[in-house]
Amino acid sequence: MSELKRCPFCGGEAELREERLAGRTRFYVSCENDDCRVVVETRNNVSATRARAEEAWNRRVTDG
């Protein structure tokens, strides 16, 4: 698992989560700041992996 960057909006800590419900797996990364609560998620498909959720969260517009 790669290190998650801090929230791009408030600088808060981020946490990767996994949920399984009705045969589907959901991975998402969320900001832990209660005043912010930004979430990036993937769903049960080819790209629904921990790595893809981390990659989506860590992507920044300045990455090129």
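1. In this predicted model, β2 and β3 pair in the antiparallel sense over four bridges. Two strands count as paired if DSSP finds at least two bridges between them. Strands (E, at least two residues) and helices (H or I, at least four) are DSSP runs, numbered from the N terminus. One of the bridges joins Ser30 to its partner Val39 in β3.

2. Along the sequence, the protein chain follows the pattern β-β-β-α, with one helix and three strands.

3. Which residues of α1 are buried? They are Ala53, Glu54, Trp57 and Asn58. Buried means under 20% relative accessible area, exposed over 50%, and partly exposed in between (1.4 Å probe, protein chains only). The four residues cover an arc of only 125° around the axis and therefore lie on the same side of α1; the arc is that of the directions from the helix axis to the C-beta atoms. The buried residues of α1 pack against β1, β2 and β3.

4. The largest nonpolar core has nine residues: Leu4, Cys7, Ala14, Leu16, Phe27, Val29, Cys31, Ala53 and Trp57. A nonpolar core is a set of buried Ala, Val, Leu, Ile, Met, Phe, Trp, Tyr and Cys residues joined through side-chain atoms within 4.5 Å. The elements giving two or more residues to this core are β1 (14-21), β2 (24-31) and α1 (50-58). The largest share, three residues, comes from β2. In soluble globular proteins, nonpolar side chains tend to be buried together.

5. Not counting residues up to four places away in sequence, Phe27 touches Arg17, Glu18, Val40, Glu41, Thr42, Ala48, Thr49, Arg50 and Ala53. Contact means heavy atoms within 4.5 Å.

6. Asn58 lies in helix α1 and counts as buried because its relative accessibility is 13%. Leaving aside neighbours within four places in sequence, Asn58 is in contact with Ser2, Glu3, Leu4, Lys5 and Asp63.

7. Arg60 is placed in the segment after α1. With a relative accessibility of 18%, Arg60 also counts as buried. Its contacts, apart from neighbours within four places in sequence, are Lys5, Arg6, Cys7 and Pro8. Arg60 and Lys5 are 55 residues apart in sequence and 9.7 Å apart in space, C-alpha to C-alpha.

8. Most residues other than glycine have a negative phi, and most peptide bonds are trans. Ala22, in the loop between β1 and β2, has a positive phi of about 55° although it is not a glycine. At 76% relative accessibility, Ala22 counts as exposed. Arg37, in the loop between β2 and β3, has a positive phi near 60°. Arg37 is partly exposed, with a relative accessible area of 42%.

9. Of the 64 residues of the protein chain, 28% count as buried. Among contacts between residues at least 6 apart in sequence, 37% join residues at least 24 apart.

10. How confident is the prediction? The protein chain averages a pLDDT of 86, and 89% of the residues score at least 70; pLDDT is the predictor's confidence in each residue, from 0 to 100. Confidence is lowest in β3, at a mean of 81, and highest in β1, at 90. Where pLDDT is low, the predicted coordinates should not be read in detail.

11. Some conventions complete the note. Residues are numbered from 1 along each chain as its sequence is written, and side-chain values use heavy atoms, with hydrogens and water left out. In this predicted model, local features need pLDDT of at least 70 and side-chain atom pairs count only at pLDDT 80 or more, whereas totals for chains, interfaces and linings use all residues.
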